[in-house]
Amino acid sequence: RDWSSDVCSSDLVGRVVTRVDIDEYREVAGVKIPSKWTTSWLSGRSVFALTDVQANAQIPAARFARQPQ
């Protein structure tokens with residue numbers, strides 16, 4: 001584990017602690033960014049992993065358009 005942080009919040013059951021562990025830094029365009037992080041809380045855990053990162057990638061404006069209702 002390269003970095004870790006605990007975040008506390010209040011819930012109906014009381015104080016809830018969520019831990020975020022950041023691992024596996026990769027260099028992208030000269031900048032190291034975390035490519036994996038794990039979020040742990042009272043009743044579970046989620047792991048997030050990036051498989052591809054592009055610096056300054058071109059994104060079409062249509063991608064941000066609101067979807068018709």
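Residues are classed by relative accessible area: buried means under 20%, exposed over 50%, and partly exposed in between, with a 1.4 Å probe and protein chains only. By this scale Ser-9 is partly exposed, because its relative accessible area is 37%. Ser-9 is found in strand S1. The model is a predicted one: local features need pLDDT of at least 70, side-chain atom pairs count only at pLDDT 80 or more, and totals for chains, interfaces and linings use all residues. Residues are numbered from 1 along each chain as its sequence is written, and side-chain values use heavy atoms, with hydrogens and water left out.

Confidence is expressed as pLDDT, the predictor's score for each residue, from 0 to 100. The average over the protein chain is 84. A pLDDT of at least 70 is reached by 90% of the residues. Strand S1 (residues 3–11) has the lowest confidence, with a mean of 69. S4 has the highest, at 92. Where pLDDT is low, the predicted coordinates should not be read in detail.

The protein chain contains four strands and zero helices. Both kinds of element are DSSP runs numbered from the N terminus; helices are H or I with at least four residues, and strands are E with at least two. The order along the sequence is β-β-β-β. Of the 69 residues in the protein chain, 12% are buried. A contact is defined by heavy atoms within 4.5 Å. Among contacts between residues at least 6 apart in sequence, 9% join residues at least 24 apart. Ser-9 contacts Gly-14, Arg-15 and Val-16, with neighbours within four places in sequence left aside.

Strand pairing requires at least two bridges found by DSSP between the two strands. S2 and S3 meet this through nine bridges and run antiparallel. Ile-22 stands opposite Trp-37 of S3. S2 and S3 form a hairpin, with two residues between them. Ala-29 lies in the loop between these strands. Its phi is near 50 degrees, a positive value in a residue other than glycine. Ala-29 counts as exposed, because its relative accessibility is 66%. Glu-24 also has a phi near 50 degrees, again positive in a residue other than glycine. Glu-24, however, is placed within strand S2 (residues 14–28). Its relative accessibility is 40%, so Glu-24 counts as partly exposed.

S3 (residues 31–41) is also joined to S4 (residues 44–49), in an antiparallel arrangement with six bridges. These strands form a hairpin with two residues between them. Ser-40 has Arg-45 of S4 as its bridge partner. Thr-39 is bridged to Ser-46 in S4.

Thr-39 lies in S3. With a relative accessibility of 17%, Thr-39 counts as buried because this value falls under the cut-off. Residues up to four places away in sequence aside, Thr-39 touches Thr-18, Arg-19, Val-20, Gly-44, Arg-45, Ser-46 and Phe-48.

The structure holds one aromatic pair. The ring centres of Trp-37 and Phe-48 are 5.8 Å apart and the planes stand at 20 degrees, so the pair is stacked. The pair links distant parts of the chain, with Trp-37 in S3 and Phe-48 in S4, 11 residues apart. Rings of Phe, Tyr and Trp (its six-membered ring) pair if their centres lie within 6.5 Å; planes under 30 degrees apart count as stacked, over 60 as edge-to-face and the rest as tilted. Both residues of the pair can also be placed on the accessibility scale. Trp-37 counts as partly exposed, because its relative accessibility is 27%. Phe-48 counts as partly exposed at 39% relative accessibility.
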